[in-house]
Amino acid sequence: MSFSTPEARVAGPAGSALVSATGVTRVYGEGEAEVRALDGVTVGFPAGRFTAIMGPSGSGKSTLMHILAGLDRPTSGSVVLDGIELSALDDARLTDLRRDKVGFVFQSFNLLPVLDARENILLPLSIAGRKPDQAWVGRLIETVGLGDRLSHRPSELSAGQQQRVAIVRALAAQPSVVFADEPTGNLDSKSSAEVLELLRRSVDEFGQTVIMVTHDAQAASYADRLLLLADGLVVHDGEAHSAGDVLDLLKAAG
Amino acid sequence: MLKVALRGLFARKLRLGLTALAVALGVTLIAGSYVFTDTINASFDKIFAATNKGTDVALTARRPIKIDQGTRQTLPASLLSQVSAQPGVAAAAGSVTDQATVFDAHGHRFGAGGFPGLVSSVSAVRRFQGSSIKTGRFPQAPGEAALDAGTAEREKVKLGDTIVVQGGAKRAKLRVVGTTQVAGVSSLGGAAFVDAVLPEAQRVLGKTGRFDEIQVAGDPGTTPAELADRLRGAFGREAVVRTGEQQARSQSSEIKASLGFLTTALLAFGGISLFVGAFIIFNTFSITVTQRMREFALLRTLGAKRGQIMRSVLTEGLVLGVVGSAVGLGLGILTAAGLRALFKVVGVDLPSNHTVIASRTIIVALAVGTLVTLASSLSPALRATRVAPVEALREGAVPTIRGMSRKLTALAGFLLVAGVALMCVGLFAGGSSSASLSFVGAGAAATFLGVALISPRLVRPIASAVGLPFERFGGITGRLARENSVRQPGRTAATAAALMIGVALVTFASIFAAGARETVAKAVDQNLSAALVVQSENGFSPFTPDVLRDISRVDGVRAVSPVRFSQAKAHGISGRVTVSGVDAAGFAQLYKVKMTRGGQAALDRLKGRPFAVVSKKFADDHHLRPGATLQLTTPTGAGRSVVIVGELDDKGGLLADLSFDTTYLERAFGEKQDAFGLVGLRPGAGVAQVEGRIKALLHRDYPATKVQTAQQFKDAQAGQVNQLLGLIYALLALAIVVSLVGIVNTLVLSISERTRELGLMRAIGTSRKQVKRMIRVEAVITALIGGVLGLVLGMVLAILFTQPLQDFTLAIPWGTLAVLLVLAGLAGVAAAALPARRAAKLDVLAALAYE
């Protein structure tokens, strides 16, 4: 794969988006019960950047992430991920795409309780039947500082540790993009900071592309870029450096 | 609360359906057995009522002891004139009816399997005639016959065709002049029924000058009961006198008694299925109660009493039990027909007119099914009441209840010890056979429960062992499947235990059958020195001594030796004593027995005298030594004192408890027919040539008898064992199916518990195929745990059960057992089909959001 090393990705054509949505609309239900979760969103995500997507409940931020990640399909519009048009893919191809090009971090960690930390980290590679890049995985584990907890099962790890395992799992397969859905939603502030720091470093040190949905302004302040959604539309797209800025923007968006 | 219970039940339709199915399948065989045997019994009632319709009073030979082997007693023909001369008798006629084998002109035998045909005499008095003509006419002269319409149709016999009949004498060729039916039924379940004129029937059956029955019609104004009393006064010493109705009941109940074991056996298999079903019900309730702990806790917080929670769960059990039992009853009625077909395949065709659904069938099926379901849901219901209300408020893992484990282990240990002890009492302590059987059955059930209770501890090691290849070759999905199968060891154990029972019983039957085959083979190899064995075609009907007389004249035959069987009552010994008759002079040359007391000379001393040699086992059981005297009552009613002159150890198991000289057996026991013939050849005579000559003779004169080499004899015996084994397999199949339903049910419930995990796996790129494979492997591992436990338990039981059998050669059929294990694994694959599809179809997003 041409994007197998982080350096290659960073060196890609400047300005060209790694993930992009064009005129994406998502409608749930019919008639009276119709809900327009997304109403024609066009947005691009360049490689090697950390983007936070925020918005009030029901703004469509989670729907957008699901559609970008190939977990859900748009009612209309197109999504391109690493040069692949997702609407053309059947379920099996979408599964392969998620396996090979996408990493996930969830709010509720979603580690498999029967596997220990190391096995959970290697799970996506095992599913794909790929040999792990030991040097890479080693470096990741070193980075998160979980070296002595690797043979523990999730039930024996703290919430913060579990989420860090989940992030390493997402990074282990060297995906094109990592999607994080409220990664700090179940964590205390100290663990949250550790987790966000880890995501930040994956972008800075490994050139990873990260797209994170959150409603925590503090979390969003770790990102390079802030995307604000309201009522299924992008209402703000720009830099966001401090939590204060983010809160102001949120207020403005209503 | 009721509403909550019912809503909980109907919210999960698949679970409801599968659990009800487990109950239903258990009840099916019980209801089916009743319907099947009731139908048969009713058919016989109807048939005998019809055949005795015109008879006011019937006289039959006295039977001082009941025997199920050997020749029945008959009445002398001379009695008829005395009966006719009695006042009040309007008409009287003698008749004969007995087993015979019927062939077409080309030697093709009628009727499938070993069920023999019957030959009856046509009565000279029309009102005594049980059957009626359908086409043609009744036979009027020797050489003519009427055949039952069912056989005629099946075998394509036309009026004017010749049939060949062999009963207790040389075969007869008869011309078919009519077809008959009884009670409006043209077939009595596959057996051929032949009517011939009295002298012909007597000749065919070897009963010339004898009657089986004398039928009497009274004068008008004399009731059957009065007439019966009068005749009993006159002939009570020679004959049993019954009214026509009593006679019909007696004949019918005799057949019912001989079929009684069938009902018991079928019900036992039904009980096994239901027992297996109980595991599944228990497991399902355990799982759902666990999954609903928070709901129960919430109800408790809202003020529900423990009793209300308990009632709520039990109500579910009640509804499930009633629904399942009702469905099972319906299926059972359908199964009765299937059972009949099954028995027909193995050669036992039984008559059935109209399906009989007795109220007893309905009550027992509903009650047993419902009670078993309720009992199985009792422990989960109790567990539900123990949840603390505060659990409702607690976040995170499903509330659990601990602290049962040590008590359970103690209970398991107790059940195992008690189970084995009960079985040992049943097996080794002696006593009546029904009591022994109850002990053994209860012991086996306790053992199964005990093993089931400790099996959670065995799940992990066995899963590791059987899961190894899947992990090695299946990668991460294999590993996850193995891990998932041991996540809830109790649940996996209960699921596997259900399969374990079926597998254990199949293993047990297989080992037993293999041992039986091996025992026969060894016996034949070691004991039989005769080159050829003569037997009736079906293997159990006795045949006329003329057969061996004629064979003795065949070129190349040096000696023939008959073996006959009869039974007797012995003073001071409960039950019947089996008796064999051998040719004292020639027997020892053709069959090797070890004389343990009295020496070889003891056999020679038998010669026509009231002397007997006793089998070692019988001698040991009843402390009989040479010189002892036994008081016997023989089938002819004679009391005889016989002296034991020797003791033999018959490894071949051919001879009975007591062996006499043939001539004495004939004189004292009235046994005139041979059951076996041993044939020795002249030195230098080729076995194949002599066999060919004897075959030709038998084909010409005695088509119902066959000659076999030792090897053919062994094969035929093995074939019979295999046929029985096949029947047992078929009946156990239901229990296995029930346990597979259990695997399906457990998987479905576990998958719903793991929805979120499955969603995650799909999200991070697990293909539907991989998900399916994972579920399948989990099912296979569960099935193999059941298979391994069942194999081991079955082997242990088989070894234990064969211990008290003397001279039983234990042979473990490793090949069969390996196939069984593979089949168990494949069954797992089959059981996983539905759950795997459900798991693979899960919507990823919905699964991730699942709470």
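Residues are numbered from 1 along each chain as its sequence is written, while chains are lettered from A and ligands numbered from 1 in the order in which they are written. In this predicted model, local features need pLDDT of at least 70 and side-chain atom pairs count only at pLDDT 80 or more, whereas totals for chains, interfaces and linings use all residues.

**View 1. Domains 2 and 3 of chain B.** Look for four residues of domain 2 of chain B in contact with four residues of domain 3 of chain B; contact here asks for C-beta atoms, placed from the backbone, within 7 Å. On the domain 2 side of this contact, one residue is nonpolar, two are polar and one is charged. Ala, Val, Leu, Ile, Met, Phe, Trp, Tyr, Cys and Pro count as nonpolar, Asp, Glu, Lys and Arg as charged, and the others, Gly among them, as polar.

**View 2. Strand β22 of chain B and its partners.** Strand β22 (residues 676–681) of chain B pairs in the antiparallel sense with strand β14 (residues 532–536) of chain B over three bridges. Here Val533(B) has Leu678(B) as its bridge partner. Strand β15 (residues 557–570) of chain B also pairs with β22(B) in the antiparallel sense, over six bridges, and Val557(B) is bridged to Leu681(B). Strands are DSSP runs of E, at least two residues, and helices runs of H or I, at least four, numbered from the N terminus; pairing requires that DSSP finds at least two bridges.

**View 3. Around Gly474(B).** This glycine sits in helix α12 (residues 433–485) of chain B. Leaving aside residues up to four places away in sequence, Gly474(B) touches Arg773(B) and Val777(B). Its C-alpha atom is 24 Å from that of Ala847(B), 373 residues apart along the chain.

**View 4. Where chain A meets chain B.** The contact takes 19 residues from chain A and 17 residues from chain B. On the chain A side, α3 (91–101) and α4 (117–128) each supply at least two residues, and α3(A) gives the most, with six. By class, that side has nine nonpolar, five polar and five charged residues.

Definitions and conventions:
Contact = placed C-beta atoms within 7 Å.
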